[in-house]
Amino acid sequence: MNHHIKRRGILIIISSPSGTGKTTVANALLENDFNLHMSVSATTRSPRPNETHGKDYLFISEGEFLKQRDAGNFAEQAKVFGNHYGTFKTTVDDAIENGRDVLFVIDWQGTQQLSQSYAHDMVRIFMLPPTFEDLQSRLNYRGTDNNKIIQQRLLKATDEMSHWAEYDYVVINNNLEHTISAIHNIIKSERLRRRRQVDLVHFVTKLREDGEEYAKKNG
Ligand code: 5GP
């Protein structure tokens, strides 16, 4: 019964070119799994109409961002499409310590930085679109960004995709339901990894002691 055993929280990283559907996938995973939490990043980007401060992002000024960065408070940070994005160290450390699994929707630069300090506590998943046309139509359909920004994101996609080999898992988003269940299966398997289950030693020691006692009486 694994839920008796204390374990370290997992940092689940999802990266993909803009428009692959990672936000949709992330939201579905959060709904289906109660031990999964979203990492809320700080950004200097302006909120989109459907976004809430504190839920989607912490929307902060450039001055505040640079102050936090210079104080060394970010576990990772990067400039993407001209805006700063960053994850606070406290978000990461609290999650690992308390056995909480946290989902990070961040780019390859942030993933590389987290890998330097948290390699053993991370699972890196890269999502790819089935075709380039698919990426184009999703970005147009989203309707939240203007044409210039959409074009910028499409030009960046090839660059982003060149980092696929730095990830532990690669999932092609052919079908939303399959993608969600594939990623959920990855998370469920990763939770069982021996090194994450920090109380396993005590658990097995107790089992073996009981076994030895049985042997003494009946052997
Ligand atoms: P968007 O502006 O569409 O919300 O995000 C743009 C890009 O920034 C996405 O590719 C996303 O992965 C990346 N991003 C969002 N938050 C963070 C973060 O905290 N750190 C890093 N490195 N990238 C982020």
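Of the contacts (heavy atoms within 4.5 Å) in the chain between residues at least 6 apart in sequence, 70% link residues at least 24 apart. The model is a predicted one, so local features need pLDDT of at least 70 and side-chain atom pairs pLDDT 80 or more, while totals for chains, interfaces and linings use all residues. Residues are numbered from 1 along each chain as its sequence is written, and side-chain values use heavy atoms, with hydrogens and water left out.

The chain holds 8 helices and 9 strands, these being DSSP runs numbered from the N terminus (helices: H or I, at least four residues; strands: E, at least two). Of its 219 residues, 42% are buried; buried means under 20% relative accessible area, exposed over 50%, and partly exposed in between (1.4 Å probe, protein chains only).

Now for the charges. Salt bridges (a side-chain nitrogen of Lys or Arg within 4 Å of a carboxyl oxygen of Asp or Glu) number 14. One of them pairs Asp-101 with Arg-7 at 2.8 Å, N to O. Asp-101 sits in strand β7 (residues 101–105) and Arg-7 in the segment before β1 (11–15), so this pair ties together parts 94 residues apart in sequence. Asp-101 is buried at 0% relative accessibility, and Arg-7 is buried at 14%. Glu-190 and Arg-196 make another salt bridge, with their closest N and O atoms 2.6 Å apart, and both residues are buried. Shared partners also join Arg-7, Asp-33, Asp-101 and Arg-191 into one salt-bridge network.

As for helix α8 (residues 200–218), Phe-203 is found there. Phe-203 is partly exposed, at 35% relative accessible area.
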